[in-house]
Amino acid sequence: MNLADARFSIHGNVVVAQLLGEIDMSNADGITRALLDSTTNDALGLVLDLRAVDYLDSTGIRLIYSVRESLRTRGQGLRLIIEMDSIVGDALRLSGVARHMAVTDTVEAAIAALRDS
Amino acid sequence: MLLTAVGQVSPNPQQARELYRLSDPALSELGLDELLDEMLIRVRSALGVDTVAILLLDEESQQLVARAAKGIEEEVDRGVRIPIGRGFAGRIAAERLPIFIADVDHADVLNPVLREKGISSLLGVPLIVEGALLGVIHVGSLRPRTFGPGDLGILQLAAARVAPAIERARLFSALAHEHRVAVVLQRSLLPTRLPEVVGVSIAARYLPARDEVGGDWYDVIELPRGLLGIVIGDVVGHGIRAAALMGQLRTALHGYALEGHPPGYTLELVDRFAQGMPEPAMATAAYAQFDPETGVLRYATAGHLPPIILSPQETRSVELVPGTPLGAFAYSRCPEHELRLNAGETLVLYTDGLVERRDTLLSDSIENLIETIREGETPEDVCLLAIDRLMRIGPGRDDAAIVALQNTAIPGELRLRLSAEPRALTEVRQALRRWLSERGIAGDAWREITIAVGEACANAIEHAYSPAPASFELEATTDGDWVTVTVRDTGRWREPRGRNRGRGLTIMRAAMDDVDVSSTAEGTVISMRRRLSAR
């Protein structure tokens, strides 16, 4: 069974990816590849919506960092949408990376933030 | 040049002996190939001809195909095919009458082998059984020759002798073929491996009918969020068509279920799918979603038999509004029921092959089934008891499927031994979540312990990078206000590498009160404690 699913939508020059399910070492590499492949060169950046993720561990955090690095070298931005009172919020907080992440509440706000930056 | 059959034939004594040789009872002991071979040899000697050949009708192409030959064996090897109505053999088949050609005009003969051999005279008769044309048998002579009524009688006798044998063999092989195809099809459609989930035990069986396959199926589906789906279904009808239809409905249901739709809506989607099929398709099915964490069973049925719940307290068949069968009525609704499967209880889904007897009320039959399986302690036992009873019923039974799922209690101490592969992490999370929930642990503690244990196990899996199969162990206990989790592997601790590594340990330390990592030559042990109250 595939633990997680990724749904993509294009909002003008921004790609929005919604992840659903659980992210761990069994699927993180595949998801990283899918996120980078779907953010085409002409896009301003990627909005990663993690609100429907039920589990995320340090591999998932590595995924976020590695996507951010790859996008940065292409001159593209990354914005996360996270519910802080959730298991994903816990993972970011416990690992001490929450404050380094550009987190937004809604898809609209994330898109606007990417366009302003 | 044409010669038609001439009423009754009265053979001379010599020919009578030849006739007797053709009706030798020993011939019926032979297989079709041997029978045809033997028959051709006897016909050749009885008529004193140079060639004998049998061509059989291929219904699909409406062509005669060389099946057996003497004197012109190349005909078979080359796979000579003659269209009905054309050439010598084709005309015999089209007109269903004997044809005699005394002096072969090559324009009349399509068969290149006959032309190359330089056949001068030909006689052929149709092979007919119960009004149906099976093919043609013909004989040929290299020197010009006249075939008289006696010769025709012998050839007709041979035709009458082989035609039923050919028909029998054909029917037999067609049926055997259909049965083989259907069995292979059905087997390929049933799950080969049932999922293993801590706290849940599952078993299933499919038993084909004696002489044909049916459209019964079961399925067990690992759903997102740790839910388990179990399915039972029964397509109306038998044979390859029912089996193929079963495959389509089973796949549709499996696909819709993986999308995460609730049971009632899933069955409604399969119903729409069945409505849209080019041929009418009707089936009954039931789909249950079990949440091992809570014991909640969401259940929907499209006209299927009621589920049985085996319980140490009260074993019962659960009467529910069954909904209408799949494919029966447009826009039918499939109500959903919420049941509970407590620790120790077993849900049993089955098809009518397990209960239907012509002379018994259905409700009595279900009672009988319950009586048969109630002593089964595990799902495996339940399936064995049900199948044993069915086998005793003897011939004439329908196909049958059964699937049983038991909510097995999780002991106070959780102990798991898992293979060191990434997919083990899902199993750990499922078991741990349920174990925590059963101890009344919720909220922050529940989430943070889950994350910390996930990290410790991911660590154990990363250690096991040797090619040999490796495993790791997890142990979780509670002691008053404390939860203790230990993860043991047999690999060497690896110092975190790279900028993004080492985060696992950070997470474990932040989530738990104590974390102890000890690494020896034998392996690494991570021991963690967490206080439940007032952190």
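This is a predicted model: local features need pLDDT of at least 70, side-chain atom pairs count only at pLDDT 80 or more; totals for chains, interfaces and linings use all residues.
Across chain B the pLDDT averages 84, and 86% of the residues score at least 70. For the model, ipTM comes to 0.89 and pTM to 0.64.

The fold of chain B can be outlined with a few totals. Its secondary structure consists of 13 helices and 21 strands. Chain B has 535 residues, of which 39% count as buried. When contacts in chain B between residues at least 6 apart in sequence are considered, 66% of them join residues at least 24 apart.

One helix pair in chain B can be described in some detail. Helix H12 (residues 443-463) and helix H13 (residues 503-511) of chain B pack with their axes 9 Å apart, at an angle of about 145 degrees. The crossing that H12(B) and H13(B) make is left-handed. On the H12(B) side, the residues involved are B:Glu448, B:Ile449, B:Ile451, B:Ala452, B:Glu455, B:Ala456, B:Ala458 and B:Asn459, and they meet B:Gly504, B:Ile507, B:Met508 and B:Ala511 of H13(B). By residue class, this contact of H12(B) with H13(B) holds eight nonpolar, two polar and two charged residues.

Most residues other than glycine have a negative phi. B:Arg96, although not a glycine, has a positive phi of about 55 degrees. This arginine, B:Arg96, sits in the loop between helix H4 (87-95) and strand E4 (99-101) of chain B. Because 13 other C-beta atoms lie within 10 Å, B:Arg96 is partly exposed. B:Glu130 is likewise not a glycine, and its phi is positive at about 45 degrees. The loop that holds B:Glu130 runs between strand E5 (121-129) and strand E6 (132-141) of chain B. B:Glu130 has 7 C-beta neighbours inside 10 Å, and therefore counts as exposed.

Turning to chain A, helix H1 (residues 28-38) shows how burial is arranged around a helix. The buried residues in H1 of chain A include A:Ala28, A:Ile31 and A:Leu35. These three lie on the same side of H1(A) because they cover an arc of only 65 degrees around the axis. What lies on the face turned away from the buried side of H1(A)? That face carries the exposed residues A:Gly30, A:Arg33 and A:Asp37. As for the cover over the buried residues of H1(A), it includes strand E1 (4-11), strand E2 (14-23), E3 and H2 of chain A.

The two chains meet in a contact that takes 20 residues from chain A and 22 residues from chain B. On the side of chain A that touches chain B, strand E3 (45-56), helix H2 (58-73) and helix H3 (87-94) of chain A each supply at least two residues. H2(A) gives the largest share of this side, with five residues. In terms of residue class, the side of chain A that touches chain B divides into nine nonpolar, six polar and five charged residues.

Terms used: Residues are numbered from 1 along each chain as its sequence is written. Chains are lettered from A and ligands numbered from 1 in the order in which they are written. Two residues are in contact if their C-beta atoms, placed from the backbone, lie within 7 Å. Helices (H or I, at least four residues) and strands (E, at least two) are DSSP runs, numbered from the N terminus. Ala, Val, Leu, Ile, Met, Phe, Trp, Tyr, Cys and Pro count as nonpolar, Asp, Glu, Lys and Arg as charged, and the others, Gly among them, as polar. A residue is buried if 20 or more other C-beta atoms lie within 10 Å of its own, exposed if 12 or fewer, and partly exposed in between; C-beta atoms are placed from the backbone. The arc is that of the directions from the helix axis to the C-beta atoms. pLDDT is the predictor's confidence in each residue, from 0 to 100. Axes are lines fitted to C-alpha atoms, for helices over the stretch in contact, and angles run from 0 to 180 degrees between N-to-C directions. A crossing is left-handed if the near helix is turned anticlockwise from the far one by less than a right angle, and right-handed if clockwise.
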